[in-house]
Every structure is written in structure tokens, then in C-alpha cells.
Amino acid sequence: MLATLILNIMFAIRRRVRNRGEVRKSESLTSATRRRVITLEGVTKTYDTGAGDFSALSSADLSIDSGQFVAIVGKSGSGKSTLLNMLSGIDRPTSGLVEINGTVLNDLSENELAKWRGSNLGLVFQFQQLMPTLTILENVMMPMDFAGSIPTRERAPKAMSMLELVGISDQAGKFPSALSAGQQQRGAIARALANDPPVIAADEPTGNLDSRTAESVLELFRELAAGGKTIVMVTHERDIATSVDRVVTVADGHVLGGNTPAPNAAQVSAAVSHG
Ligand SMILES: Nc1ncnc2c1ncn2[C@@H]1O[C@H](COP(=O)(O)OP(=O)(O)OP(=O)(O)O)[C@@H](O)[C@H]1O
Ligand SMILES: [Mg+2]
């Protein structure tokens with residue numbers, strides 16, 4: 001199936017192209033409605049680099065609740081994307097446990113994992129990968145076609161409601177190249193939401209946007225988190241601490257502080273500024 005192939009290629013590219021950690025209380029969900037969505041225990045990712053093993057991530061412990069908007073910050077090469085890939089099931093750890101939304105990902109085969117991702121995870125990247133030959137609406141419908149969990153005739157209206165949610169329903173019939181960068185990124189977020197996944201993983205989603213457009217994307221993520229989505233976002237935005245519920249700092253493959261309270265804004269800023 002073409003859609004399967006495309007998604008698998010996207011994941012393969014993400015695995016190959018490695019181009020490049022705490023808590024303010026969210027007012028939006030009460031503690032009664034919150035639940036644990038992501039758990040990492042002792043997660044290590046080691047690469048065999050010819051010159052020996054290299055640990056991109058070492059013994060990471062992290063738990064994230066529903067409705068949290070979490071930023072992952074740190075210097076370039078510190079392990080942010082690796083952490084995101086682990087806690088979203090994009091890639092597998094060398095050791096350690098990953099549990100998302102009640103499923104232990106370690107137990108899944110490659111096929112099961114791909115299927116699981118299709119309905120449990122929304123992905124947004126810096127350079128969004130909308131299919132250039134499909135309209136925005138068709139792009140948003142693509143994950144629905146892949147997962148097959150929504151009846152065919154309901155897909156277009158559902159995709160349209162996603163575009164309304166991100167504020168670009170008037171662009172539905174256009175091809176991606178006819179949209180601004182910010183509109184395209186909103187389209188990518190709508191596509192990430194297509195199957196109503198509990199978790200959205202975003203790797204530098206605002207890296208390609210001007211500051212105003214970036215702020216509107218952050219605002220959209222805040223709204224989604226307020227509605228109960230768990231959003232985990234790698235970012236180089238310097239003043240991110242004021243936008244999110246929690247900042248997780250990564251340094252040399254270590255999650256600083258893990259599940260303990262956040263470093264202050266100045267520490268976060270220092271960790272990002274050398275990125
Ligand atoms: N496939 C791989 N093989 C070997 N080393 C890798 C591989 N992928 C990542 N690394 C290394 O792991 C470390 C962490 O990489 P990662 O992509 O997580 O960094 P990052 O914090 O996301 O950096 P950036 O901000 O530049 O995107 C880096 O030193 C990187 O070179
Ligand atoms: Mg990265």
C-alpha cells in the first residue's frame with residue numbers, strides 16, 4: 001500500500017538523518033483527569049560507531065502525563081531527538097522500558113509498532129513532509145487511510161474539521177506549495193491529529209518559522225494540550241519555559257533532573273543558547 005510505504009520511508013529517514021529536561025503546573029486539566037501517558041525507565045540508546053559504542057541517551061527515566069505540553073531542550077548533539085524518538089516509539093531503545101498509553105512498546109514487533117504508531121502518535125517535524133502531489137485535505141486524510149480505523153465516507157469531513165481546528169480550512173483544496181510555511185506547518189499538525197492520537201511528538205516544529213508564526217504554532221499546541229493531548233516538542237526556542245508546562249533538559253545523553261522539578265528559566269536559556 002502506497003501510504004504504508006510512504007510512512008515507513010518517513011520513519012526510515014527519521015532514523016537515519018540525525019541532523020541535528022521539568023514542571024509548571026498546567027491549569028487546564030485537574031489532577032483527577034490527568035493520567036500517565038509516557039513512561040521511560042532506564043532507557044539507553046547506543047550506536048555502534050566503528051570507533052566503539054556511543055551512547056546517545058543514557059539511562060533516561062521520565063514520565064509524562066496527559067495534557068502536558070513538554071519541551072525538550074539542550075545543546076546540539078545532546079540527545080534531544082534521540083529522546084523524542086524513544087518516548088514516541090519512533091525508534092527502539094538499546095535497553096530500558098518504554099510504555100505509552102498503556103502499551104509496552106518493547107513487546108511489539110516491527111509491524112505491530114508501525115500499526116501502533118499509526119493510531120497512537122502524531123508526528124510533526126521542522127521541515128514538514130506534506131505530500132506535494134496531494135491537496136492539504138488529502139494529506140490530512142492520508143493517516144486515516146493508513147490506519148483504516150475511520151469509515152471511508154467520514155474521512156473527508158473529519159479531515160476538514162482538523163483543518164478548521166488549526167485554522168486553515170480555507171486552504172483545504174490547495175497543494176502544499178501554495179501555502180505559507182506557517183500554513184503548511186498547521187497542515188502538518190492537522191495531519192498529525194488525523195487519527196486522534198493521545199501523543200503528538202514534534203521535533204523542532206518551529207525551527208523553520210518566523211517568530212510570530214512560531215508563536216501561533218506554540219499557541220495551537222497549548223490549546224491541544226488543554227484539550228488533553230500530550231505534546232512533546234524538541235525546540236531551540238530560547239524563551240520556551242514560559243510557553244510550556246514542563247521543560248526537560250538533555251545534556252550529553254543524560255536527562256537532567258528526570259522526573260524532578262525544573263531548572264529555572266536562566267538554566268533553561270543557557271542550555272538552549274549553545275544549541
Ligand atoms: N545513527 C546514529 N549513529 C551514530 N550516532 C548517532 C546516530 N544518531 C545520532 N547519533 C549521535 O547521537 C548524539 C545525539 O543525537 P541527537 O540527534 O539526539 O541530537 P540532538 O540533541 O537532537 O541535536 P540537534 O539539536 O543538532 O538536532 C549525537 O552525538 C549524534 O551524533
Ligand atoms: Mg535533533
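In strand S8, Val232 is the bridge partner of Val70. This pair belongs to the parallel pairing of strand S3 (residues 69-73) with strand S8 (residues 230-234), which spans four bridges. The model is a predicted one.

- Six strands make up an open sheet with mixed pairing, in the order S6-S7-S8-S3-S9-S10.
- Strand S6 (121-125) and S10 are the edge strands; each has a single partner strand, so one side of each lacks a neighbour in the sheet.
- From one strand to the next, the twist averages 20°.

**Strand S3 and its two partners**

- S3 pairs with S8 in the parallel sense, and S3 also pairs with S9 in the parallel sense, again over four bridges.
- Val73 has Thr249 as its bridge partner in S9.
- S3 is mostly covered, with five of its five residues buried.
- Phe69, Ala71 and Val73 lie on one side of S3, Val70 and Ile72 on the other, and all of them are buried. Both faces of the strand are therefore covered, since a residue counts as buried when 20 or more other C-beta atoms lie within 10 Å of its own.

- S9 and S10 run antiparallel and are joined by three bridges.
- S9 and S10 form a hairpin with two residues between them.
- Asp252 is in the turn of that hairpin and has a positive phi of about 50°.
- Is Asp252 buried or partly exposed? Asp252 counts as partly exposed because it has 14 C-beta neighbours inside 10 Å.

**Helices on the sheet**

- Helix H2 (residues 80-87) lies across S3, S7, S8, S9 and S10. H2 runs at about 155° to S8.
- H7 packs on the sheet as well, where it touches S3, S7 and S8. The direction of H7 makes about 150° with that of S8.

**Gly79, between S3 and H2**

- Gly79 sits in the loop that links S3 and H2.
- Gly79 counts as buried because it has 26 C-beta neighbours inside 10 Å.
- Which residues does Gly79 touch, not counting residues up to four places away in sequence? They are Ala56, Leu57, Gly74, Val250 and Gly253.
- Gly79 and Gly253 are 174 residues apart in sequence. In space they are 5.0 Å apart, C-alpha to C-alpha.

- Most residues other than glycine have a negative phi.
- Glu204 has a positive phi, near 50°. Asp252 also has a positive phi near 50°.
- Glu204 is in the loop between strand S7 (199-203) and helix H7 (211-226). Asp252 is in the loop between strand S9 (246-251) and strand S10 (254-256).
- Glu204 counts as buried because it has 23 C-beta neighbours inside 10 Å, whereas Asp252, with 14, counts as partly exposed.

- Leu108 is in the loop between strand S5 (103-104) and helix H3 (110-120).
- Leu108 has 17 C-beta neighbours inside 10 Å, so it counts as partly exposed.
- Leaving aside its neighbours within four places in sequence, Leu108 is in contact with Leu113 and Trp116.

Technical notes. Residues numbered from 1 in each chain as written. Chains lettered and ligands numbered in written order. Predicted model: local features only at pLDDT ≥ 70, side-chain atom pairs only at ≥ 80, totals over all residues. Buried ≥ 20, exposed ≤ 12 C-beta atoms within 10 Å, placed from the backbone. Contact = placed C-beta atoms within 7 Å. Pairing = 2+ DSSP bridges. Axes fitted to C-alpha atoms, helices over the stretch in contact; angles between N-to-C directions.
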